[in-house]
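Here is a short briefing to read alongside the model. Take a look at the sequence and the fold, and then we can go through the sheets and the ligand site together.

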Amino acid sequence: MSFSALGLHPTLLATLESLQYQQPTDIQREAIPEVLANHDVMAGAQTGTGKTASFVLPLIHRLLSAPLENQIHGLILTPTRELAQQVHQSVLRYAQDTEVKSVVAYGGASINPQLSALQAGCHILVATPGRLLELLMKGLIDVSQLHTLVLDEADRMLDMGFIIDIQRILKKLPNEKQTLFFSATFNDEVFTLSKSLLRQPKLIEVSQRNTRVDKIEQRIYSLDKDKKSAFISYLIGSKNWQQVLIFTRTKQGADELAKEMLKDGIKAQAIHGDKSQGARDKALQAFKNGEVRALVATDVAARGLDIEALGYVINHELPYNAEDYIHRIGRTGRAGEAGLAISLVCEKERYLLTDIEKLLDESFICQWYPGFEPRQDQQTGKPSRAPSKKTLRAKALGQSRGNKHKNRRR
Ligand code: AMP
């Protein structure tokens, strides 16, 4: 199917051609007609599927199909500043040949430049909940003509405790509007929120719910906690990986790991909520243009980062929330590319791996890496021994054995 078959405005079709988008992705093919038909939508789609264009293109299309008035027509809510900036960049990209104006507003930065941008004209506002609420409460924006509200990464917004802010925002928005709800994962809380927001929504799922994205090879290495940073430096150096995103659970852990890696000669930088927006932008830019080889991030800071062709993700520790594992590994294997996700698991983290296996309905084989074998057998507490033939075979075949708790070694 081509983009023209979706009925998009000719200006948008020309832009998409210049961007060399040959055909819509699954989410775009399914969501765009529903959004254009003014339906509410509830979509299960992760970053990397092309979901942003699936709501941004119809928003621009509608603005091009009527006289352009200086009103906020579309409002896109995102959980983090990084995602807000990224979505804003996408709007700028898709609207590059039009008069449609987009503004991004987020907290942790001065409100004044954002107000100036709003005063210069805004058709599509991309915002994080806190800053949007501030703008609404102080009467600094007029949303009376709002046509479409998009909640992007709704699951993460709930994880980050934005529910009260969202409820307060909703009270300030017109009742009559189209609502588009995007979430990578679904649980009871997400469903409850969606129910309160959506009217007879069209349900769209492009990858099975709560599962990892395809094309990602997952490798689990058992090793001692104190060897993790040396192992990461060794892997990156010996394999000559150029662009690696590494997750840590804490901000302090991210800083410490980046420092250790620098000592090992790997150019690394940490990105997390305690860093100023400027420092985060700089680190991300340096990573994107190859000056920095390893970006060490916490879950919140890394959420939604769009980095082209990211080949490698490493989990320094497993996340406490199994669903975060899906988000983390979703940073690789993007836009149809193959990716490798490596998780380092010490004995104390085994229960977290079990949670992930349950969520994915998949069982992993923990491998040992020569030279980094755990001091103790992590299953039995006995002194370490060589991996079994089964483990070695799985390793040679490329690790995770899908499928239903066969070959489980634990
Ligand atoms: P998203 O999931 O919206 O973050 O998009 C992931 C990446 O896919 C972005 O870099 C987009 O520019 C790119 N992309 C989105 N739609 C298409 C398409 N139809 N063809 C090729 N690339 C696309």
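Which residue in β7 is the bridge partner of Gly44? The bridge partner of Gly44 in β7 is Glu205. Please keep in mind that this is a predicted model, in which local features need pLDDT of at least 70, side-chain atom pairs count only at pLDDT 80 or more, and totals for chains, interfaces and linings use all residues. Residues are numbered from 1 along each chain as its sequence is written, and side-chain values use heavy atoms, with hydrogens and water left out.

**The sheet with β1 and β7**

- An open sheet is formed by 7 strands in the order β3-β4-β2-β5-β6-β1-β7, with parallel pairing; strands are DSSP runs of E with at least two residues, numbered from the N terminus, and two strands pair if DSSP finds at least two bridges between them.
- At the edges are β3 (102-105) and β7 (202-205), each of which pairs on one side only.
- On average, neighbouring strands of this sheet are turned by 15 degrees against each other, direction ignored, using axes fitted to C-alpha atoms.
- Strand β1 (residues 41-44) pairs with β7 in the parallel sense over 4 bridges.

**The sheet with β8 and β14**

- Another 7 strands form an open sheet with parallel pairing, in the order β10-β11-β9-β12-β13-β8-β14.
- β10 (268-271) and β14 (366-367) each have a single partner strand, so one side of each is left without a neighbour in the sheet.
- Strand β8 (residues 216-222) runs parallel to β14 and is joined to it by 2 bridges.
- Ile220 stands opposite Cys366 in β14.

**The ligand site**

- The ligand is surrounded by 15 residues (a heavy atom within 4 Å), and the closest are Tyr21, Gln28, Gly48, Gly50 and Thr52.
- By class, this shell has 2 nonpolar, 8 polar and 5 charged residues, with Gly counted as polar.
- Domain 1 (3-205) and domain 2 (216-374) each supply at least three residues of the shell; the bounds come from an automatic or database domain assignment.
- For polar contacts (N or O pairs within 3.5 Å), a polar backbone atom of Gln23 is 2.9 Å from a nitrogen atom of the ligand.
- On its own the ligand has 500 Å² of accessible area, and the protein covers 85% of that (Shrake-Rupley method, 1.4 Å probe).

Note on methods. A polar contact is a pair of N or O atoms within 3.5 Å; within protein, one must be able to donate a hydrogen and the other to accept it, and residues adjacent in sequence count only if both atoms are side-chain atoms. Axes are lines fitted to C-alpha atoms, for helices over the stretch in contact, and angles run from 0 to 180 degrees between N-to-C directions.
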